[in-house]
Amino acid sequence: MPTFSAVDHVALSVTDLVASHDFYTGVLGFLQVADFGPTRIYLHNPSAIMLALKQHPDAHGGRFTELATGLDHVALTVGSLAELREWEQRLRDAGAEFTPIREAEFGHHLNFRDPDGIALELATSNEPMAAALALLRSGELSDDQVVAHARQLLEQVLPMPEQ
């Protein structure tokens, strides 16, 4: 079966390209690398995440809601809980809409929204999850081993239905 190695880019439809540009460059640190009029391309250093922001001329607009079919949220990885706390302060200083840091089964996360209300998240993994992801990224596991390891990790934190 053919495969892929990573997410190439994320493209977001926005209602105000200037406000979105200011948020993604000023708050999140993306660098604009191209401007095609209604579409701008950004890169993040050093993560190499590529982002496209597009303002469609015929869009019917409206604030984003994860309750509509499609995107629920985009999550970005941070290195530690301390870094997550720095991000929380940065979002507070920028006047961004966010929820406080929360502990979850696999680590900690901080949910926030861009100017269009697009749901974004910053997350850091706890030790078991970080170890599991490192093992997965090693490329040394078969598909069956990936599934077995994932189920083992999930069973530690969540009740799993029988299959």
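Reader: What kind of contact do the side chains of Glu-66 and Arg-113 make?

Author: A salt bridge is a side-chain nitrogen of Lys or Arg within 4 Å of a carboxyl oxygen of Asp or Glu. Here the side chains of Glu-66 and Arg-113 form one, with an N to O distance of 2.9 Å. Glu-66 belongs to the loop between β4 and β5 and Arg-113 to strand β8 (residues 107-113), so the pair ties together parts that are 47 residues apart in sequence. Strands (E, at least two residues) and helices (H or I, at least four) are DSSP runs, numbered from the N terminus. This is a predicted model: local features need pLDDT of at least 70, side-chain atom pairs count only at pLDDT 80 or more, and totals for chains, interfaces and linings use all residues. Residues are numbered from 1 along each chain as its sequence is written, and side-chain values use heavy atoms, with hydrogens and water left out.

Reader: Is Glu-66 buried, partly exposed or exposed?

Author: Buried means under 20% relative accessible area, exposed over 50%, and partly exposed in between (1.4 Å probe, protein chains only). With a relative accessible area of 28%, Glu-66 is partly exposed.

Reader: How many salt bridges does a search of the whole structure find?

Author: The search finds four. In one of them, the side chains of Glu-97 and Arg-63 meet at 2.6 Å, N to O. That pair links distant parts of the chain, 34 residues apart: Glu-97 is in strand β6 (residues 97-98) and Arg-63 in the loop between β4 (50-54) and β5 (74-77). Glu-97 counts as partly exposed, at 43% relative accessibility. The side chains of Arg-113 and Glu-97 also form a salt bridge, at 3.8 Å, N to O. This pair connects strand β8 with strand β6, across 16 residues of sequence. Through shared partners, salt bridges join Arg-63, Glu-66, Glu-97 and Arg-113 into one network.

Reader: At what angle do the axes of helices α3 and α4 cross?

Author: Two packed helices are described by the angle between their axes and the distance between the axes. Axes are lines fitted to C-alpha atoms, for helices over the stretch in contact, and angles run from 0 to 180 degrees between N-to-C directions. The axes of α3 (residues 127-137) and α4 (residues 143-157) cross at roughly 175 degrees and come within 11 Å. The two helices are therefore roughly antiparallel to each other, a class that takes angles over 145 degrees. On the α3 side the contact is made by Pro-128, Met-129, Ala-132, Leu-135 and Leu-136, and on the α4 side by Val-146, His-149 and Leu-153.

Reader: Where does Thr-39 lie?

Author: Thr-39 is in strand β3 (residues 39-44). Thr-39 counts as buried, at 14% relative accessibility.

Definitions and conventions. Angles under 35 degrees count as roughly parallel, over 145 as roughly antiparallel, 65 to 115 as roughly perpendicular and the rest as oblique. Contact means heavy atoms within 4.5 Å.
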